[in-house]
Amino acid sequence: MSGTYKVAVTVNGQAHERDVEPRLLLSDFLRHELNLTGTHVGCEHGVCGACTVLFDGEPVRSCILLAVQADGHAVTTVEGLAQGPEQLHPLQEAFWECHGLQCGFCTPGFLMTLVPFLEENPDPSEAEIRQAISGNLCRCTGYQHIVDAVQQAAAKRRAS
Amino acid sequence: MKPAPFEYQAPKSLEAALDVLARHGGDAKVLAGGQSLIPVLNFRLAQPALLVDLNRVSELDFLRRSEDGGLRIGALTRQRRLERDAVVKEAAPLLAETVPWIAHPQIRNRGTVGGSLAHADPAAELPAVAVALRARFRLAKAGGERWVDAKEFFAGLFTTALEPDELLTEIALPPLPARTGWSFQEIARRHGDYAMVGVAALVTLGDDGRCREARLVYLSVGDRPVEARGAAALLAGSDLGPDAIAAAADKASRDEMNPRTDVHATTEFKRHLARVLTGRALRTAAERARNGRS
């Protein structure tokens, strides 16, 4: 058996420390050790994008990262987006208004992919949006309402 | 837990990493970006006794212009950095054009250059581009190192010239000759999927405006990057006009590759794709060579 290793990681601005087996995936660490179950686990081999989180500000798939690799790093999950229970992140609000989700399973991954995308591309074309979400699978919406939501969020962001 | 248990070491220097490999090379797997290795561990298709995590070896994360005008890339450099750093566009525009074709942004944020090359997936973009650019790889081990040409490095399906105690540490790209044009083309069922067929093309014009040298290297049509030397020989000395390009595309797709039928495409369809993509790539590369700054 393998021993355990210390992980000191900042998640949504809060410092956490745990001793974990090296084979523990970051996605399982977030869900089972920190009870942050907003990060969803779909394919568990880096294809579906449901488990996307920000790792030092960049979107990555947390199911193909080890928790021990997050030692000393900062992670943002979907729980870190909203300012409070009554105050959604503008992109979350746009998903709500445009019906950008149905069952909602894929939504955290889409949000964590798209928040940094919009920061880098404040005025994206439809083609750019579709390319940006090409690594996230949604089985309900047919993607059209997600694209609508991104366009609305981008327009509101530019107007403010 | 998905992966089987393993011991874990995360050395902080190249020297320490090589030392671990010298002692445990045969039982160890090297973890770089992990975008191919960790899925394999999750499926338990691989169950290494020891994982040697390179991500703390920051000395292997670099990207710089070399004195000869080429490019030096540390093995741990993230693919995303190649996409964003202007020096890649200047020194290796073929590489800059190729990187956005590698999977998705989430993958490129973690995936490394050295990891993709050492993984040696014949459907991956970087191995084919490395062969086309005549890259050289530095393979280090405790107490020594050697340089290997990209062509010699790729030995077969997921197989390279690396010995168990060796680590790919650096990739050196020579500068492109003057009046060289480039193009990368691929077809996948969805953006970011593995290519059904892809091709990296380079053409260099002589003083007379005719083709002096051409290179065509394909992905997903064999067990490693496949270079079409016969087609390139047909192009040398030609005017790179429609007839010359059609002849080269026919030759490469008919005689110089043996793509296997899989769930996405038959052998014949892949040959067809290779022929069409070769034409597109050569037309684009020739136009860029003619309009080049040098």
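Domains, contacts and exposure in a predicted model

Chain A is divided into domain 1 (5-80) and domain 2 (90-159), with bounds that come from an automatic or database domain assignment. This is a predicted model, in which local features need pLDDT of at least 70 and side-chain atom pairs count only at pLDDT 80 or more, while totals for chains, interfaces and linings use all residues. Residues are numbered from 1 along each chain as its sequence is written, and chains are lettered from A in the order in which they are written.

Q: Why is Thr266(B) called exposed?
A: A residue counts as exposed if 12 or fewer other C-beta atoms, placed from the backbone, lie within 10 Å of its own, as buried if there are 20 or more, and as partly exposed in between. Thr266(B) has 12 such atoms within 10 Å, and is therefore exposed.

Q: What makes residues of domain 1 of chain A count as in contact with residues of domain 2 of chain A?
A: Two residues are in contact if their C-beta atoms, placed from the backbone, lie within 7 Å; by this criterion 14 residues of domain 1 of chain A are in contact with 11 residues of domain 2 of chain A.

Q: How many residues of chain A are in contact with chain B?
A: 25 residues of chain A are in contact with 25 residues of chain B, and S4(A) gives the most to the side of chain A that touches chain B, with 4 residues.

Technical notes:
Helix = DSSP H or I, 4+ residues; strand = E, 2+ residues; numbered from the N terminus.
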